[in-house]
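User: I am new to this structure and would like to go through some of its side-chain pairs. Please show it.

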Amino acid sequence: MKKALLSLALVGTALTYANAQGSLGKGGTQLNLGLGVSGWGIPVYAGVDFGVTDDITVGIEGSYRSWKYTSAYRFSIIGVGANANYHFNRILELPEKMDLYAGVSLGYFIFNNPSGYSGSLGSSLGFSGQVGFRYFFTNKVGLQLEAGGGNVSGGKIGLTFKL
């Protein structure tokens, strides 16, 4: 009987940890990859988030986009930035496969203007807010949707991989 109870307790513990998917948690790391929405081309982004507490993450992100303006000019933007997010999973008692967060981002955008272009596009600093949601299909892989700022401006859709 003791072996059966011990086995049941071990299985229960393993399932509890296996299902704790939404929140990254203190000391956790995750990789985010995907595409964005922007008035200046379709950005491709990659970022890494680090769990500071069970409810707060900080991260870094990079993005690249390129677009054509008339047949004569091709522009590109490289964005680098940092973000901080608060995850509402615990206080809203969300199911473990979900992650709802909001936060702020600070980034720097490097505009690569084509030669001969006389317009006013130039590199700049950007500060913005974002709201996001993830749904984890497995313990390690989830879908990321984000609206608002960050390195991409309009929004993002991509995958999250817990490392």
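Some questions and answers follow.

Analyst: This is a predicted model, in which local features need pLDDT of at least 70, side-chain atom pairs count only at pLDDT 80 or more, and totals for chains, interfaces and linings use all residues. Residues are numbered from 1 along each chain as its sequence is written, and side-chain values use heavy atoms, with hydrogens and water left out.

User: Is Asn85 buried or exposed?

Analyst: Buried means under 20% relative accessible area, exposed over 50%, and partly exposed in between (1.4 Å probe, protein chains only). Asn85 has a relative accessibility of 7%, so the residue counts as buried.

User: Which residue forms a salt bridge with Asp99?

Analyst: A salt bridge is a side-chain nitrogen of Lys or Arg within 4 Å of a carboxyl oxygen of Asp or Glu. For Asp99, the closest N and O atoms are 2.9 Å apart, and the partner is Arg134.

User: Which residues are linked with Asp99 in a network of salt bridges?

Analyst: Asp99 and Arg134 are both buried. The network that contains Asp99 also links Asp49 and Arg134.

User: What is the relative accessible area of Asp55?

Analyst: The side chain of Asp55 meets that of Arg90 in a salt bridge of 2.3 Å, N to O. At 52% relative accessibility, Arg90 counts as exposed. Asp55, in contrast, is buried, with a relative accessible area of 8%.

User: What is the relative accessibility of Lys156?

Analyst: Lys156 forms a salt bridge with Glu146, the closest N and O atoms being 3.2 Å apart. Glu146 is buried at 9%. Lys156 counts as buried too, and its relative accessibility is 8%.
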